[in-house]
Amino acid sequence: MKKFLVFLLISFSSITYSQGHFNSFLNQVSPISSSQTRMALTDSFMTFAATRGFPFIDNDTAVFLYRGSSVSVSVAGDFNNWNFTSMINLAGTNLFFYQSKFEMDARLDYKFVLPGNNYILDPLNPHLCYGGFGPNSELAMPSFIQPWDINYNPIIQHGTIVAMDIYSNNVSTNYHVSVYLPPGYNNSVKYPAVYFQDGADYISLGSAVNVLDNLIDSTKIEKVIGVFVTPNDRNNEYAGTTRNQYMLFFVSELVPLIDSVYSTYNDPAKRLVLGDSYGGNISALISYNHPDVFGNCGLHSPAFQPNNNEVYNLITNGSFKNIRFSAIWGTYMDPYQSLETFRDILISKNYLYAWKEVHEGHSWGQWRANIKTILQDIFPINIVYVNDKLIDKPLSFLLSQNYPNPFNPNTIIEFTLEKATPVKLIVYNSLGQIVISLLDEVKGYGTHKILFKAANLPSGIYYYKLVLPDRSQTNPMVLLK
């Protein structure tokens, strides 16, 4: 028996591991009657699976795996609308599994559920995504690229946060507001303003301050002032009985105060209001009713269901308003098809409507990764105001995104200069430590390509910084081995 077991383990190691298929493991275990042998083969497979990560991914199939003495285990997540899907127990072992196909760029939240509705994180998966109800385990399929911009970058300049409490006569309550001032904020310069619903969540769960810092530093958006407003009674203020009073607080109290304290454009085209879920509902209501205040509306998976689809019907059936929309939603949310219809109707009514559909759920994991999408749609760096007139402003230099990205082990960094100048090109790791100086010399007019070789470096996020005598720009890149 011992020799037979050793033969099976060697056979499984040499055949199944080279194939890398969970079903091959099941096929090998199936004819085995000995529980001892089944457990040994399971141990062997799990050791191999640990080298690839959990959930175990076979091409477009994710295999959720749990080992324990529980009599039953279920999995709940974005992919099944957080209902319970029973996992299968491999007879003669303590292994439970469930496998399902997903798009190669899908990213989803999930948890395991033990008897008694006991929700737990996946003990084998260290990757978490935090939301309004605490952390969830994260499934990221192979083609999903983690957002670089949510990470704190120690080598760039950072904005300043000013906290204030504002009393609203319309709602008869105080609101806590955090104001983001971009690096180098100057009262003599005008700035666009971005107003965030669920302000505290956009900061803590969405890492919006890091996003603003990174996008501004990498010249992907204009320098903006961020206004993060934290609700007191979210459901009523965004969708219920006080929604109209809250709207008046925003347009008649909050915006005038911000404009009086900070150097902002008094122009609806330079103001953006955005929110997630119910926050998207109130953002759309505010902008549609007051396009003279907010000419831009950002929607992160807007929930338009309240009050018999009040906001949805108001905009789709109402007259055209001068508003630009930018929206993102996931296909693992119900009903995402209504947001496709909303998009199509608004485009047919000649609205400017930028949109993005991703293979994700209704979660902060999706929203935090796409704050940049809305900001880049509305306030791209090549659009500036001069004496209140819109200009396309050419850049004096351009640092392009490296390619390929992610890369292994080499990548090309490309930049363009409008004239000869001293140039430094430096690569940093995620701790802000210099990895290598790729360039320190005078370069002439035109486009230059630099090869970065990273064969001796570990996987991770790196930053490349182009430094000129009077300015600099930093871009992220991902080494994935």
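This is a predicted model: local features need pLDDT of at least 70, side-chain atom pairs count only at pLDDT 80 or more; totals for chains, interfaces and linings use all residues.
Two packed helices are described by the angle between their axes and the distance between the axes. Helix H2 covers residues 22-29 and helix H3 covers residues 35-50; they pack at an angle of about 165°, and their axes are 10 Å apart. Angles over 145 degrees count as roughly antiparallel, and H2 and H3 are therefore roughly antiparallel to each other. The crossing of H2 past H3 is right-handed. On the H2 side, the residues that meet H3 are Phe22, Phe25 and Val29, while H3 contributes Arg38, Leu41, Thr42 and Phe45. Sorted by class, this contact of H2 with H3 holds five nonpolar residues, one polar residue and one charged residue.

The next element to look at is a sheet. Four strands make up an open sheet, in which they follow the order S1-S2-S6-S5 with antiparallel pairing. The edges are taken by strand S1 (56-58) and strand S5 (88-89); each has a single partner strand, so one side of each is left without a neighbour in the sheet. Strand S2 (residues 61-67) pairs with strand S6 (residues 95-101) in the antiparallel sense, and seven bridges link the two. Along this pairing, Tyr66 is found opposite Phe96 in S6.

The helices and the sheet can now be put together. H2 packs on the sheet and touches S1, S2 and S6, with its direction making about 140° with that of S6. H3 also packs on the sheet, where it touches S1, S2 and S6; the direction of H3 makes about 125° with that of S2.

Helix H7 (residues 243-261) and helix H8 (residues 278-289) cross at roughly 60°, and their axes come within 10 Å. H7 passes H8 in a right-handed crossing. From H7, the contact draws on Arg243, Asn244, Tyr246, Met247, Phe250 and Val251; from H8, it draws on Ile282, Leu285, Ile286 and Asn289. By class, the contact of H7 with H8 has seven nonpolar, two polar and one charged residues.

Aromatic rings complete the picture. Across the whole structure, a search finds 42 aromatic pairs. One of them joins Trp364 and Trp367 in an edge-to-face arrangement, at 5.1 Å centre to centre and with 85° between the planes. Both Trp364 and Trp367 belong to helix H11 (residues 364-369), where they sit three residues apart, about one turn of the helix.

Technical notes. Residues are numbered from 1 along each chain as its sequence is written. Side-chain values use heavy atoms; hydrogens and water are left out. Axes are lines fitted to C-alpha atoms, for helices over the stretch in contact, and angles run from 0 to 180 degrees between N-to-C directions. Angles under 35 degrees count as roughly parallel, over 145 as roughly antiparallel, 65 to 115 as roughly perpendicular and the rest as oblique. A crossing is left-handed if the near helix is turned anticlockwise from the far one by less than a right angle, and right-handed if clockwise. Contact means heavy atoms within 4.5 Å. Ala, Val, Leu, Ile, Met, Phe, Trp, Tyr, Cys and Pro count as nonpolar, Asp, Glu, Lys and Arg as charged, and the others, Gly among them, as polar. Two strands pair if DSSP finds at least two bridges between them. Rings of Phe, Tyr and Trp (its six-membered ring) pair if their centres lie within 6.5 Å; planes under 30 degrees apart count as stacked, over 60 as edge-to-face and the rest as tilted.
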